[in-house]
Amino acid sequence: MKIAVIGTGAMGSIYAARFSKAGHEVIAIDVWQDHVDHINKNGLLIEGPDGQIIAKKIRASTNVSDIKGCDFYVIATKAMKLEESIKNLEDQVNLNSPIITIQNGLGAGDIISKYMPKNNIILGVAEGFGASLKAPGRINHTANKQIRLGSISKNMRESDLQNIVLAWRSGGLKTEIYENIEQLIWEKLLCNVTLSGPCSIFRCNVQELRNKKEYWTFALNCMQEAYAVGLAKGIPFSFDDPIDYVTDFAKRVGSAKPSMLQDFEAKKQTEISFINGAIPPLAAEFKISTPFNNNVCKIIHDAEKRFR
């Protein structure tokens, strides 16, 4: 298959490299010229749970016009760049081709459906990856648990979904189709709300967050606010105890640094508005108070203003 990956940060690079090694034709689009040049000259080097992967047949570019005629498109930009990416792609892609995005937080489906047919939009959740971009063309990948995909429309052809899943599996990525992708996105959101904002404001990794009682209590309060909103929206969570759920997740990721913390330390804009920041506006609809997430957002937004 011919596959375009738009945004080759840590996660996008993993997808591109694995698709390429499986024999697919891969076009990688990114704005970082040094990264693009390195991919074209030396390929992508992924160091991860399956050893070392070197993918040298990827065609990388900064020009979105190079992605025409692909079988499907994977948008792997940060959440705050998603709408800009979709606008740039609108005139370049076959509107009958599936658009896949795997994002942290909420809102991806609503953003894409403003510009693309809803029938072709697939959302995903990446669980247990722990990826980081170390240098141009070099990515560290600490785990490879599961990719979970689902269409936001009931009208998407089952054959299209199955072909996409087979392409992901061919790259060694454990991939499944889920009918209620919104449920999975919310369950992942609870974990992100617990870890991303709190780790960033306390400037600590996940293990340090969990080991310090006052930090962990604060993080769980952020999660409880999100959980209350999810219940009010009618999300059918697969668990009865959200504290056990997010605690188990935190134990599994160990001393990893959330990507938000990595961006925060690098003085880059973060995805806070799509994670902790997504909770207060939704909570207001149900008259639910969110002082902990409000506090996280204020601290991070104030810091981001100083980054500019």
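**Rings, helices and a threonine**

Q: Is F218 buried or exposed?
A: F218 counts as buried, at 13% relative accessibility. Buried means under 20% relative accessible area, exposed over 50%, and partly exposed in between, using a 1.4 Å probe and protein chains only. By that scale F202, at 23%, is partly exposed. Keep in mind that this is a predicted model, so local features need pLDDT of at least 70 and side-chain atom pairs pLDDT 80 or more, while totals for chains, interfaces and linings use all residues. Residues are numbered from 1 along each chain as its sequence is written, and side-chain values use heavy atoms, without hydrogens or water.

Q: How many aromatic pairs are there, and how do F202 and F218 sit?
A: In general, you describe a ring pair by the distance of the centres and the angle of the planes. Rings of Phe, Tyr and Trp (its six-membered ring) pair if their centres lie within 6.5 Å; planes under 30 degrees apart are stacked, over 60 edge-to-face, the rest tilted. That rule gives eleven aromatic pairs. F202 and F218 are edge-to-face because their planes stand at 80 degrees, with the centres 5.5 Å apart. F202 is in helix α6 (residues 181–202) and F218 in helix α8 (residues 213–232), so the pair ties together parts 16 residues apart in sequence. Helices (H or I, at least four residues) and strands (E, at least two) are DSSP runs numbered from the N terminus.

Q: What about F239 and Y245?
A: That pair is stacked, at 4.1 Å centre to centre and 20 degrees between the planes. F239 is buried at 11%, whereas Y245 is partly exposed at 22%. Elsewhere, Y15, F19, F72 and W168 make up one aromatic cluster.

Q: How do the axes of α6 and α8 cross?
A: For packed helices, you look at the angle and the distance between the axes. The α6 and α8 axes come within 9 Å and cross at roughly 145 degrees; axes are lines fitted to C-alpha atoms over the stretch in contact, with angles from 0 to 180 degrees between N-to-C directions. Contact means heavy atoms within 4.5 Å. Among the residues that meet are W186, L190 and F202 in α6, and W216, F218 and M223 in α8.

Q: Where is T175 found, and what is it in contact with?
A: T175 is in strand β12 (residues 175–177), and it is buried at 1%. Leaving aside neighbours within four places in sequence, T175 touches I147, L149, V165, W168 and R169. A polar atom of the T175 side chain lies 2.8 Å from the backbone oxygen of L173.

Conventions:
A polar contact is a pair of N or O atoms within 3.5 Å; within protein, one must be able to donate a hydrogen and the other to accept it, and residues adjacent in sequence count only if both atoms are side-chain atoms.
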